[in-house]
Amino acid sequence: MSTENLPQSPEQQLRKPRVAVVFGGRSSEHGISVVTAGAVLRAIDRTKYDVLPIGITADGRWALTADEPERMAITDRRTPNVEELAESDEGGVVLSVDPGSREVVYSEPGSVPKALGEVDAVFPMLHGPYGEDGTLQGLLELSGVPYVGSGVLASAVGQDKEYMKRVFVSFGLPVGPYEVIRPREWANDPAAARKKIVDFAGEHGWPLFIKPARGGSSMGITKVDDLAGLDDAIAEAQRHDPKILVESLLRGREIECGVLEFEDGPRASVPAEIPPVTSHDFYDFEAKYIDSAAGLVPAPLTDEQTAEVQRLAVAAFDAASCEGLVRADFFLTEDGEFVINEINTMPGFTPISMYPRMWQESGVAYTELVDRLIQAALTRSTGLR
C-alpha cells in the first residue's frame with residue numbers, strides 16, 4: 001500500500017523537513033563532489049530544514065560526517081575527501097529500503113544500531129558513476145525517498161555520453177562526429193580498435209579528444225594531435241572508464257545554458273560562454289576547479305542566438321526525460337550553428353560554478369536555487385511519474 005497520502009503524526013507535522021545531503025562516492029570525481037556539497041550545506045536554510053550530511057567514501061562506505069562545510073573546500077590545490085570528514089573510521093549509515101519507513105540507521109561494530117530518524121528528501125551531490133548515473137537514484141526509488149534531480153533513466157543517459165548522443169540524434173538535435181571504443185573491442189583486438197580511431201581521424205581530421213564515455217569534470221580527457229599520443233590518451237581515459245569516446249575538434253565557441261524545472265515546466269537560463277583558456281590546452285579539470293578559469297555570463301550572443309541555444313537546452317532536457325536541473329553544453333561552430341556536446345544532470349554547483357552563475361544572472365540567487373530544488377523534491381513522488 002502506498003504511504004504517500006497517509007495522514008502525518010503530530011510529530012511529523014511539527015518537525016522541519018529533514019534533508020540528507022549525500023556526497024563523495026566511488027568515482028574519480030569524489031573530491032569535487034565534496035566541494036560541491038560543502039557549498040550546498042552552507043546555503044541550506046537551517047530555519048526551514050534539518051540537515052543530515054552523509055558522505056560516501058571512495059570504497060563505498062556510507063559515513064556520518066560532521067556538518068562543517070568550511071572543511072569541504074579546495075585548499076593548496078587539493079580536493080577534500082569523505083574519510084577526513086567521517087565521524088568514525090568504521091561506523092556506517094544505512095538507508096532503509098522499506099518505502100514506508102525512510103529511516104536512516106547508524107551502526108558501529110560492537111554497538112547497538114542507532115536510529116537517526118526519517119529522511120524526507122535527499123540532495124545527491126554526487127558526480128560520475130555510482131551516484132550521478134542512476135544507481136543512487138534507483139536505491140532512492142526502492143526506498144521511497146524523494147530526491148533532487150533526474151530519475152534513473154535520465155541520470156543513466158546523462159552519464160553515458162554515447163547513449164546521450166544517440167538519444168539526441170533520435171530527437172533531431174545536432175551532435176558532432178564521434179566514435180566509441182567498447183571494452184571488448186579493445187581487449188579482443190586493440191589493433192583494430194586503434195585503426196577505427198585512425199580512420200575516424202582520417203575522415204574528420206586531427207586533433208581528437210579521447211575521453212571516458214561515462215566520466216565527468218573533464219577528468220581523463222586528452223587532446224591528441226597525432227598518432228604518436230594516441231595510446232597514452234587511451235590508457236588515461238581507460239583509467240576512468242573501460243569504454244572510451246572519441247570526438248573530433250569542433251572549431252568555434254563553447255556555450256553553456258542552464259535548465260531549471262519550474263511548476264509550469266523547464267525554463268532556460270541566460271547562456272554563458274567559456275572563453276579560450278590560454279594557460280591550458282583546453283577547458284580541463286585544472287582550468288575548471290583549480291585555476292578557476294572564469295566564464296562570461298551572460299554570453300555575448302545575439303538575441304536570436306540566445307533564443308536558439310535556450311530552445312535547444314530545453315529540448316535536450318525533454319529528450320532525455322530529465323527532471324529538476326541540467327546544464328547543457330554546446331559549441332557554436334564557425335558557420336553559426338549550435339551543436340550540443342553533452343548535458344550534466346548534476347552539474348558543478350558551487351556559487352562560482354557556471355550553472356548557479358547563469359541562474360544568478362537570470363534572477364535566481366544561489367540560496368533560492370538550492371531551496372527551489374529541495375522544495376521540488378519534497379513535493380515529488382517516487383515511482384513511475
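Accessible area here means the surface found by the Shrake-Rupley method with a 1.4 Å probe. For this predicted model, the accessible surface of the protein chain comes to about 17,100 Å², and carbon and sulfur atoms hold 51% of that surface.

**Overall build**

Let's start with the fold as a whole. The protein chain contains 13 helices and 16 strands. Its radius of gyration is 21 Å, close to the 21 Å that the globule rule gives for 385 residues, so the chain is as compact as a globular protein of that length. Taken along the principal axes, the C-alpha atoms fill a box of roughly 70 × 50 × 45 Å. Of the 385 residues, 52% are buried. Among contacts with a separation of 6 or more, 65% are between residues 24 or more positions apart.

**Charges and salt bridges**

Now to the charged side chains. The chain carries 36 positive and 60 negative side chains, and the centres of these two sets lie 1 Å apart. Side chains of opposite charge can pair when their charged atoms come close.

| Salt bridge | Closest N and O atoms |
|---|---|
| Glu-179 with Lys-196 | 3.6 Å |
| Glu-185 with Lys-196 | 2.9 Å |
| Asp-241 with Arg-214 | 2.6 Å |

The remaining pair in the table joins two loops. Asp-241 forms its salt bridge with Arg-214; Asp-241 is in the loop between helix 9 (230-238) and strand 11 (244-248), and Arg-214 is in the loop between strand 9 (208-212) and strand 10 (222-224), so the pair ties together parts that are 27 residues apart in sequence. Is Asp-241 buried or exposed? With 4% relative accessibility, Asp-241 counts as buried, because buried means under 20%. Arg-214, by contrast, is partly exposed at 30%.

Finally, there is a network to look for: salt bridges link Asp-160, Glu-162, Arg-166, Arg-182 and Lys-243.

Technical notes. Residues numbered from 1 in each chain as written. Predicted model: local features only at pLDDT ≥ 70, side-chain atom pairs only at ≥ 80, totals over all residues. Heavy atoms only, no water. Helix = DSSP H or I, 4+ residues; strand = E, 2+ residues; numbered from the N terminus. Rg over C-alpha atoms; globule rule 2.2 N^0.38 Å. Buried < 20%, exposed > 50% of the residue type's maximum accessible area, 1.4 Å probe, protein only. Contact = heavy atoms within 4.5 Å. Lys, Arg positive; Asp, Glu negative; His and termini not counted. Charge placed at Lys NZ, Arg CZ, Asp CG, Glu CD. Salt bridge = Lys/Arg side-chain N within 4 Å of Asp/Glu carboxyl O.
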